[in-house]
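Good morning, and thank you for the time on today's agenda.

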Amino acid sequence: MSVVIITGSSGLVGSESVDFFCNKGFDVIGIDNNLRKTFFGKEASTTWVKNKLIKKHKNFKNYNIDIRSIGSLEKIFKNLKKNISLIIHCAAQPSHDYGKNFPILDFNVNATGTLNLLELTKKYCPSAPFIFMSTNKVYGDNPNRLKVLEKQKRWELNKNNNYFKGINEKFSIDNCTHSFFGVSKTYADLIVQEYGKNIGLKTVSFRGGCITGPNHNGAKLHGFLSYLVKSTLAKREYSLIGYKGKQVRDNLHSYDLVNCFWEFFKKPKYGEVYNIGGGRFSNCSILEAISEVEDCKNIEINRKIIKTNRVGDHIWYISNTNKFKKDYPKWKQKYNTRKIIRELIENN
């Protein structure tokens with residue numbers, strides 16, 4: 001028996017991972033208690049995803065466990081032990097705004113939950129690779145110190161800028177404002193690295209840009225592409241929060257991300273970190289995303305301009321994925337932003 005444990009298994013990245021590894025023939029254990037519904041309300045519930053996965057895959061089983069409860073987690077790890085081939089940790093509190101309002105819950109989910117999983121991996125299955133879904137928010141608002149140029153629909157860097165191809169892993173995480181969410185994820189990111197460098201587990205932190213896909217239950221506080229499409233089709237008003245709506249994000253499809261996981265699983269490293277996102281291949285500003293949806297649906301989206309930006313929010317962020325591509329040259333991106341948006345529209 002070869003088992004993959006996936007936390008946040010009903011979420012965007014988790015559910016994509018369940019599909020992928022079930023199709024590869026692994027037995028997959030999902031850990032997801034639908035805390036997203038608590039964070040963002042009924043419309044963000046992932047129960048429908050869980051039910052779809054259970055129906056689709058006979059080799060998938062979900063446990064309604066909170067990652068803050070190490071006792072509940074330990075029962076699973078103790079039962080499976082060295083049959084565990086891989087841990088993919090996607091469960092998180094993912095919102096700037098929610099983290100600021102509920103900092104203790106935010107830290108306990110993102111930081112303590114990650115520490116619990118690392119300890120259990122060390123104790124019961126130390127040979128299993130441990131993949132952690134981190135975030136570009138570990139860099140705080142340091143990217144906002146880059147000299148950006150204002151274009152018609154986006155902020156952009158000069159082509160001669162050292163970071164034009166994207167933010168790399170050597171970019172500083174210090175002396176900046178992170179947001180409470182960014183801080184809790186930074187702890188998790190660093191402790192994942194430490195269990196690799198210090199203890200010898202096969203760990204990796206993937207610092208993601210904007211990850212999206214058809215299983216993304218976008219909400220007002222998290223998941224802008226998914227929420228944009230959902231709001232548009234429901235004919236709701238869409239809020240542009242700060243930076244004139246010209247802030248730039250790179251967008252990586254969850255399918256392309258899980259293929260990164262697969263490459264790492266086949267050739268793991270110790271305490272590694274990678275910036276992972278759409279890069280120059282797949283990025284857009286919010287205004288550009290709105291224009292793409294409007295063109296596709298032949299509609300005009302009702303917009304609300306909010307001048308004040310969110311604390312720690314990025315004006316411009318594109319991931320430099322060269323380090324991962326160098327270490328894992330077989331990885332190729334399939335989806336650019338246009339293709340991602342079209343798929344989101346088709347699946348809503």
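Let me begin with overall size. The chain has 348 residues, for which a compact globule would have a radius of gyration near 20 Å; the chain has 19 Å, so the two agree. That radius is taken over C-alpha atoms, and the globule rule is 2.2 Å times the number of residues to the power 0.38.

Before going further, a word on provenance. This is a predicted model, in which local features need pLDDT of at least 70 and side-chain atom pairs count only at pLDDT 80 or more, while totals for chains, interfaces and linings use all residues. Residues are numbered from 1 along each chain as its sequence is written, and side-chain values use heavy atoms, with hydrogens and water left out.

Along its principal axes, the C-alpha trace spans about 55 × 40 × 40 Å. Of the 348 residues, 59% are buried, meaning under 20% relative accessible area, with exposed over 50% and partly exposed in between (1.4 Å probe, protein chains only). The chain exposes about 15200 Å², and carbon and sulfur atoms supply 49% of that area, by the Shrake-Rupley method with a 1.4 Å probe; for residues, only the protein chains shown count as cover. Among contacts with a separation of 6 or more, 84% are between residues 24 or more positions apart; a contact means heavy atoms within 4.5 Å.

Turning to secondary structure, the chain holds twelve helices and 15 strands. These are DSSP runs numbered from the N terminus: helices are H or I with at least four residues, strands E with at least two.

Seven strands form an open sheet with parallel pairing, in the order β3-β2-β1-β4-β5-β8-β12; two strands pair if DSSP finds at least two bridges between them. At the edges are β3 (60–63) and β12 (272–276), each pairing on one side only. Neighbouring strands of this sheet are turned by 20 degrees against each other on average, direction ignored. Here axes are lines fitted to C-alpha atoms, for helices over the stretch in contact, and angles run from 0 to 180 degrees between N-to-C directions. Strand β8 (residues 203–208) runs parallel to β12 and is joined to it by five bridges; G208 has I276 as its bridge partner in β12.

Helix α1 (residues 12–23) lies across β1, β2, β3 and β4, at about 170 degrees to β1. Helix α9 (residues 254–266) lies across β4, β5, β8 and β12, at about 160 degrees to β8.

Next, strand β11 (residues 248–253), where six of six residues are buried. V248, D250 and L252 point one way, and R249, N251 and H253 the other.

Finally, the cysteines. A search of the whole structure finds zero disulfides, a disulfide being a pair of cysteine sulfur atoms within 2.5 Å.
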